[in-house]
Amino acid sequence: MEEQHPASEIVAKREKSLGYYVGVMGPFLAIIIFSIIMAVLAPRFFLPQNMINIFYSASIFIIMAVGMTFVITGAGIDLSVGSQLALSGVLMCFICKFTNIPPILAIPIGLAIGTLLGTINGLIVVKLRLPEFIATLATMIGYRGIVLILAGGFSMTRFPTEFIFIGRYRLFDVFPIAILLAILVVVVGYIMYRYSKYGRYTAAMGGDKEAAVLAGINVDKYKILNFALMGFLAALASLITIGRLDAFHATYGVYMEIDVIAAVIIGGTALYGGVGKIWGSFAGAVLMAMVTNGVTILRLPYFYQYVAVAVVIIISVALYTLRAKRE
Amino acid sequence: MSNQKPLLEMKNIIKDFGGLRALDNVDLSINPGEVLGLVGENAAGKSTLIKILTGVYSKTGGDIIWEGQKVEINNRADSLNLGIDAIYQNLGLVETLNVPENLFLGKELDKKVLGISVLDNKKMEQESRRFIKEIIGLDIKNLNDPVINLSGGQRQSVAIGRAIYWDAKMVIMDEPTASLGVEEVFKTFEIIRNLKKNNTAVIFICHNLEHIFEVVDKIMVLRAGKRVGFSDVNEADKQEIVSLMVGMDAKTAS
């Protein structure tokens, strides 16, 4: 008799399907397709100055999307990101405007405040056992409330240069360093995701919490760390938001959670956790900024961008679902 | 009975959930390299008993003696440190991670780059490839695919391979054959025999008595939180075991 191979050895050699490439390259592909459309409709889209503008406004979302990628990969969600951005921002601005603390120190203090706001989210989720959707919905409202109490009636502007340079300074007067900072965050985020225990355990607990616990992973710790990182990055994004316009408004970050979560999901991170795509989130954030910019370039009324963003979200998520089904 | 020193002894284990006594003075003893079949109907206390060993629950009363020493198992880490691995129905694998990521989960290999400790993914992959092929005798080509893309048997091999790789002294298998095809069930038996050869003790929980009788050395029956039977598999009789499980006298049942 012929030697029998156990069934387990017969491994179907799976061809890398078209769907696979759509999954990996999806958001980048979408950027190319959208660019082609814009090339036809409005060649001005490709002017270097416009490209810089797109990446400049995208930098805020890119930074937050990296944090959100970790949160969602860990099977979580954070709706309070826009309020964290505003609250850490208003407190930094107050330090500059109303205290004798050197403005440069407002930056590390602000980042620490952001980290604290995120940690509070994490503690509510882990210690009080609130569902993340509810916990961060509450802090979204609560943090925003504090912003409005502190700065609801006025806006602030003309901040000291030491404070706003991160968001404002342009290399050779052309290229905003905020874009470089955003790319740095993506690179560091990618390394953390791929090469650190933090990243690995976030993916593990998002994929199967029980299995992660069985492997001896302290899932509560990593859950809190995810929210803390999100808060830190929201404060960093706040620095750019304030610096870019040299102003603070109490409405900064309103509806931002929608854009940030959308960027992450468009980027291919699994909505239910376990699989994170840091570079995908980068591309997702850039695509969102392009769509918003495209609406402006085409001189369509501002609110058309909502419809455009909705279309992008639906198409990209539908593509992933189709791919998942096929596999 | 062998006069070998037991690997694990549980004495008078009690577990209460509020007013409900889930385990009532349960004793258990297992030697190195021994396979113990744990049977009982649903809610008999099987899962509670093993969750005490894996550190998911803490016992209300009783003693756990591991290699002759009294120990406390307060969490999963304590249990892992003793060398107790568990393979549950879902195998304890994270299905979105690939084979090396699962094999090394919680015990990743790292290396220093510029003084910072980073995961050594390449080494983990090479080590997994070598180990899976040489020790488990499995040829998984798509090692870097998420585990969800592997067959049930392959997944189980990875889970058990992890226990062997990390030199578990005891492996708890909860319904490992429940969702497997015939051929894969035989593969599981083979793996259990390999564990035994490796001097690893196995606690095997299973509803299928045919499977139990196929691989175990001893059988322990739980009913309503009490140990109602414990015997050598050679001296056990299937009919008698069933009677003990459901709580009828063997004679009246037959």
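**View 1. The largest cavity is lined by residues of chains A and B.** Its lining takes in A:L214 and A:A215, together with B:R76, B:L80, B:D85, B:A86, B:L103, B:L105, B:K107, B:R162 and B:W166. This is a predicted model, where local features need pLDDT of at least 70 and side-chain atom pairs pLDDT 80 or more, while totals for chains, interfaces and linings use all residues. Residues are numbered from 1 along each chain as its sequence is written, chains are lettered from A and ligands numbered from 1 in the order in which they are written, and side-chain values use heavy atoms, with hydrogens and water left out. On a 1 Å grid over the protein atoms alone, a cavity is a set of points where a 1.4 Å probe fits but cannot get out, and lining residues have an atom within 4 Å of a point. The volume, about 90 Å³ here, is the space filled by probe spheres set on the points, which are joined across faces, edges and corners. Helix 2 (76-82) and strand 6 (84-87) of chain B are the elements giving two or more residues to this lining; helices (H or I, at least four residues) and strands (E, at least two) are DSSP runs numbered from the N terminus. By class, the lining has 7 nonpolar, no polar and 4 charged residues (nonpolar: Ala, Val, Leu, Ile, Met, Phe, Trp, Tyr, Cys and Pro; charged: Asp, Glu, Lys and Arg; polar: the others, Gly among them). The count comes to 2 cavities of 30 Å³ or more.

**View 2. The second largest pocket has 30 lining residues.** A pocket is an open set of grid points with protein on both sides within 12 Å along at least five of seven lines. This one holds about 930 Å³ of space, and A:F61, A:D259, A:T292, A:Y302 and A:Q305 lie nearest its centre. Helix 2 (48-73), helix 10, helix 11 (256-266), helix 12 (278-297) and helix 13 (304-326) of chain A each give two or more residues to the lining. Helix 12 of chain A gives the most, with 6 residues. The lining splits into 18 nonpolar, 10 polar and 2 charged residues.

View 3. A:Y201 belongs to helix 8 (residues 197-207) of chain A and A:Y222 to helix 10 (residues 219-245) of chain A, 21 residues apart. Both tyrosines are tucked away: A:Y201 is buried at 6% relative accessible area, and A:Y222 is buried at 9% (buried is under 20%, exposed over 50%, partly exposed in between; 1.4 Å probe, protein chains only).

**View 4. B:R227 lies over the face of B:F230.** The distance to the ring centre is 4.4 Å. Over in chain A, the charged end of A:R194 sits over the ring of A:Y195, 5.9 Å from its centre. A charge counts as over a ring if NZ of Lys or CZ of Arg is within 6 Å of the ring centre and within 35 degrees of the ring normal.

**View 5. A:D246 has a positive phi without being a glycine.** Its phi is about 50 degrees. A:D246 lies in the loop between helix 10 and strand 4 (247-248) of chain A, and is buried at 14% relative accessible area. B:A43 also has a positive phi, near 70 degrees, but is exposed at 76%.
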